[in-house]
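Trainee: I have a new structure to read. Can you show me how to go through its features, one at a time?

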Amino acid sequence: MASVARCLGASLVSAALAQQVGQLSQEHHIPMSVESCKRAGGCTTEETQIVMDMQWRWIHNKDAYNNCLPGEFWDKDLCPDPKTCSQNCAMEGVDEKGYTENYKAWPVEKGIKLEFPNAPRVYMLDGEDKYKMFKLKNKEFTFDVDLSSLPCGMNAALYFVEMDEHGDKSGLNPGGAKYGAGYCDAQCPHMRYIRGEANLLDWEQTHSAMNPDGEILTGGHEGRYGYCCAEMDILEANTAAGVYTAHPCSEEKQAVCEGKEQCGDRGEGLTGYCDKDGCGFSSYRMGDKQFWGPGQDFAVDTSKPMTIITQFVTHDNTDDGDLVDIRRLYLQDGKLFKNSQARVLEGGGDSLTDSMCNEQNKAFNQTSNGYKDAGGMKTMGEALGRGMVLSMSIWDDSFGRMLWLDGEKSRFDEDPNTLGVKRGPCPFKYGTHEDTTQYAKEHGSMSATFTNVRYGDLDSTYSLI
């Protein structure tokens, strides 16, 4: 079945059956400067562009203005089957005004500001029509972030995914990276289009899942296939809690999945192609409740901007070596901070390694070890060596309430006093979309600003700040 899934759309080689590109709005990209750094020679500026994900775009019939997905279901006339849907429907461009006024994605000096709730997920381009590929083994990645307006339940995310460099551009998908196509991650998301073909088979079935309160909720729809690839979460955070997480995959590059065995199922302990839970370092969960938070009582004051440095160390200190350690440093108000210690683990540590990840898994009584099953640090490093695409977003989640990130517990039947249950200080019942929008009404708009991206040799990107 794996070979069948990977070949989704392979038989459709005619451009006439492609997911079309709309002609109503001229596509715009937000300019963003980054720096490439070397220990000897300093940093040089590179000009990149930011593009929004195609999932946020208007998908309409190519010759008119009718939505191909007008509500819960695909339009049966335009989309009776995947081939016809790909032939009939086009993803529309977004002009400069659309980015700023409709989607609230604002250019700032050397960066981008994403305002909730409109801001889309965005990716970094190298030129007009291909993604910038970051190869980070034996390298470090540094950026500034301001998430000071984000309360419990919110998530400012900056991360890498092993998307195709050209956004799966082909006869099936003429827009490719220029239109933000080709997204995949370790959750194996069931995207509306995969490799240019509408993912509408089985769409009529409703999706069911258990929420943190133990209730089985039914609603929403998704196609038969998921799209999987390795994911390295550099930051998922709000002012109350933060984490960085490695999500390796057993399949190289991008893989189309079908069914629980391939796509995975947490409830049944099935890893699938990718480790959905990942191995992460959350200071709060690891026992240091005063490391990350708003105000002067915390080592890293989340009420102010900060610089985050992530280092990818190999066993022999070469670009070809095996990844063995993912380290974290923080810079704020001219002071450099090492990451907090894993106080709750017998072996301690302040970074992600295979030994730390496996000890964490046992200490927190996890029922499976998807990280190890998917190949651990070595496999994560191989993806980083092949090249990964930078993604940034700001979001909330009414279903899970972001409790896995910041909650006193993430399930109704958990005991907050049990080791590993507390991810942060946020109340169990808080975090719905209603909660976050009400917070914005009372406290003002919420946003995440990502600036001053630098990457290069170890210890080369932050000494110059």
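Mentor: Start with a rule. A salt bridge is a side-chain nitrogen of Lys or Arg within 4 Å of a carboxyl oxygen of Asp or Glu. Keep in mind that this model is predicted.

Trainee: Which residue forms a salt bridge with Lys378?

Mentor: First the general idea. Side chains of opposite charge can pair when their charged atoms come close. Here Glu382 pairs with Lys378, and the closest N and O atoms are 2.7 Å apart.

Trainee: How are Glu382 and Lys378 placed in helix α7?

Mentor: An α-helix has 3.6 residues a turn, so residues three or four places apart point the same way. Glu382 and Lys378 are four residues apart in helix α7, so about one helical turn separates them. Glu382 is partly exposed, at 30% relative accessibility. Lys378 is partly exposed too, with a relative accessible area of 41%.

Trainee: Which residues of helix α7 are buried?

Mentor: Helix α7 covers residues 376-386. Its buried residues are Gly376, Met377, Thr379, Met380, Gly381, Ala383 and Leu384. Just after α7 comes Gly387, with a positive phi of about 120°.

Trainee: How many salt bridges does the count come to?

Mentor: The count is 19 salt bridges. One of them joins Glu46 and Lys132, with the closest N and O atoms 2.9 Å apart. Glu46 sits in strand β3 and Lys132 in the loop between β8 and β9, so the pair ties together parts that are 86 residues apart in sequence.

Trainee: Are Glu46 and Lys132 buried or partly exposed?

Mentor: The cut-off for buried is under 20% relative accessible area. Lys132 has 8%, so Lys132 is buried. Glu46 has 23% relative accessibility and counts as partly exposed.

Trainee: What does the side chain of Arg401 meet in a salt bridge?

Mentor: Arg401 meets Asp213, at 3.0 Å from N to O. This pair links distant parts of the chain, 188 residues apart. Arg401 is in the loop between β26 and α8, and Asp213 is in the loop between β14 and β15. Arg401 is buried, with a relative accessible area of 5%. Asp213 is partly exposed at 22%.

Trainee: Over which ring does the charged end of Arg401 sit?

Mentor: The charged end of Arg401 sits over the ring of Phe428, 4.9 Å from its centre. Arg328 gives another case: its charged end sits over the ring of Tyr244, 4.4 Å from the ring centre.

Trainee: How many aromatic pairs does a search of the whole structure find?

Mentor: The search finds 14 aromatic pairs. To read one, look at the angle between the planes: over 60 degrees counts as edge-to-face. Trp74 and Trp203 have ring planes at 75°, so this pair is edge-to-face, with the ring centres 5.7 Å apart. The two residues are 129 residues apart in the chain. Trp74 is in the loop between β4 and α2, and Trp203 is in the loop between β13 and β14. Trp74 is buried at 8% relative accessible area, and Trp203 is buried at 7%.

Trainee: Which residues do ring pairs link into a cluster?

Mentor: The cluster holds Phe134, Phe141, Phe143, Phe160, Phe450 and Tyr455.

Trainee: Now the cysteines. How many disulfides does the count come to?

Mentor: A disulfide is a covalent bond between the sulfur atoms of two cysteines. The count is nine disulfides. Among them, Cys68 joins Cys89, at 2.0 Å from S to S. The torsion about their S-S bond is about -110°, so this disulfide is left-handed. Cys68 is in the loop between β4 and α2 and Cys89 in strand β5, so the bond ties together parts that are 21 residues apart in sequence. Cys68 is buried, at 0% relative accessibility. Cys89 is buried, also with 0%.

Trainee: Is the disulfide of Cys257 and Cys263 left-handed or right-handed?

Mentor: The torsion there is about 105°, so the disulfide is right-handed. Its S to S distance is 2.1 Å. Cys257 is buried at 0% relative accessibility, and Cys263 is buried at 6%.

Trainee: Where do Cys279 and Cys357 lie?

Mentor: Cys279 is in strand β20 and Cys357 in helix α5, 78 residues apart. A disulfide joins them, at 1.9 Å from S to S. Its torsion is about -90°, so this disulfide is left-handed.

Technical notes
Residues are numbered from 1 along each chain as its sequence is written. This is a predicted model: local features need pLDDT of at least 70, side-chain atom pairs count only at pLDDT 80 or more; totals for chains, interfaces and linings use all residues. Side-chain values use heavy atoms; hydrogens and water are left out. Buried means under 20% relative accessible area, exposed over 50%, partly exposed in between (1.4 Å probe, protein chains only). Rings of Phe, Tyr and Trp (its six-membered ring) pair if their centres lie within 6.5 Å; planes under 30 degrees apart count as stacked, over 60 as edge-to-face and the rest as tilted. A charge sits over a ring if NZ of Lys or CZ of Arg is within 6 Å of the ring centre and within 35 degrees of the ring normal. A disulfide is a pair of cysteine sulfur atoms within 2.5 Å.
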